Amino acid sequence: MEYNYIKSLHLIFVITWFAGLFYIPRIFIYHIEARQKPQPDSDILSEQLKIMAKRLWYIITWPSAILATIFAVWLLILVPGWLEQGWMHVKLAFVVLLFAYHIKNHFIFKQFQKDDIRWTSNGMRFWNEGATLILFAVVFLVILKSAISWIWGLVGLIGLGVVLMLGIKLYKRLRNRKPSS
């Protein structure tokens, strides 16, 4: 019974962690675009977006990452045999990649809080898909519990990445299209 409660809590905090990782780059995109607006709109929007980012980052995203990790470790203590399985090794590699993505977002967050914006909105849109790719990989690994067919999964992941990039480029074209008069 304890296992089911811990697994449920782990999943809840993984979901809220990903929610934060999906939304923080969107706030960065809005911040980049707000800085291109005329004054005083630029400053007003920038300050509001900084408040939103700070609340999202410190009230939802960081606590969720920490709690998801605590409950994950607890699950591994309850079922140590998972550490002997290949799919878990691959999953943990993706979790390390997820933490690297999270930390990089933290550095970007700190820069944006100082209005030190070094990204383009299009570059940030590509960056935003990092969490999506990791999520797909982890979910398929956990559900299928197969590291043997991870090559096909990797091919699928690359295909998903290509589709996402094409979608971003299409969105940019549609967005930049001038309305006909």
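These are my notebook entries on a predicted model of one protein chain.

**Entry 1: the whole chain**

I began with the secondary structure. The chain has six helices and zero strands. Read from the N terminus, the order of elements is α-α-α-α-α-α. I then looked up the extent of the chain: along the principal axes, its C-alpha atoms fill a box of roughly 60 × 35 × 25 Å. Of the 181 residues, 35% are buried. I also looked up how far apart in sequence the contacting residues are. Taking contacts between residues at least 6 apart in sequence, 82% join residues at least 24 apart.

**Entry 2: the listed spans**

I turned to the UniProt record next. Its unreviewed entry lists residues 6–29, 56–80, 86–103, 124–144 and 150–171 under "transmembrane region". I checked two of these spans in the model. Residues 86–103 are 100% helix and 0% strand, with 26 Å between the end C-alpha atoms.

**Entry 3: α1 and α5**

I wanted a helix pair to describe. Two packed helices are described by the angle between their axes and the distance between the axes. I took helix α1, residues 2–34, and helix α5, residues 130–144. How do their axes cross, and within what distance do they come? The axes come within 9 Å and cross at roughly 150°. An angle over 145 degrees counts as roughly antiparallel, so α1 and α5 are roughly antiparallel to each other. Phe-18, Leu-21 and Phe-22 are the α1 residues that meet Ala-131, Thr-132, Ile-134 and Leu-135 of α5. I sorted the residues of this contact by type: six are nonpolar, one is polar and none is charged.

I went back to the record for single residues. UniProt, again in an unreviewed entry, lists His-10 and Lys-91 for "binding site". In the model, the lining of the largest pocket takes in both His-10 and Lys-91.

His-10 is found in helix α1. Is His-10 buried or exposed? Its relative accessibility is 11%, so His-10 counts as buried, the cut-off being under 20%. Leaving out residues up to four places away in sequence, His-10 touches Ala-68, Phe-71, Ala-72, Leu-75 and Lys-91.

Lys-91 sits in helix α3. Its relative accessibility is 15%, so Lys-91 also counts as buried. With residues up to four places away again left out, Lys-91 touches His-10, Val-138, Leu-141 and Val-142.

**Entry 4: Ala-72**

Ala-72, which His-10 touches, is in helix α2, residues 41–78.

**Entry 5: His-102**

I finished with another histidine. His-102 is in helix α3, residues 86–113. What is the relative accessible area of His-102? The value is 0%, so His-102 is buried. Apart from neighbours within four places in sequence, His-102 is in contact with Trp-17, Leu-21, Trp-57, Thr-61, Trp-62 and Ala-65. I noted that Leu-21, one of these residues, is also among the α1 residues that meet α5.

Note on methods: Residues numbered from 1 in each chain as written. Predicted model: local features only at pLDDT ≥ 70, side-chain atom pairs only at ≥ 80, totals over all residues. Heavy atoms only, no water. Helix = DSSP H or I, 4+ residues; strand = E, 2+ residues; numbered from the N terminus. Buried < 20%, exposed > 50% of the residue type's maximum accessible area, 1.4 Å probe, protein only. Contact = heavy atoms within 4.5 Å. Axes fitted to C-alpha atoms, helices over the stretch in contact; angles between N-to-C directions. Parallel < 35°, antiparallel > 145°, perpendicular 65-115°, else oblique. Nonpolar A, V, L, I, M, F, W, Y, C, P; charged D, E, K, R; others polar. UniProt positions renumbered as here; feature names shortened; annotations may be inferred. 1 Å grid on protein atoms, 1.4 Å probe; cavity = no way out; pocket = protein on both sides within 12 Å on 5 of 7 lines; lining within 4 Å.
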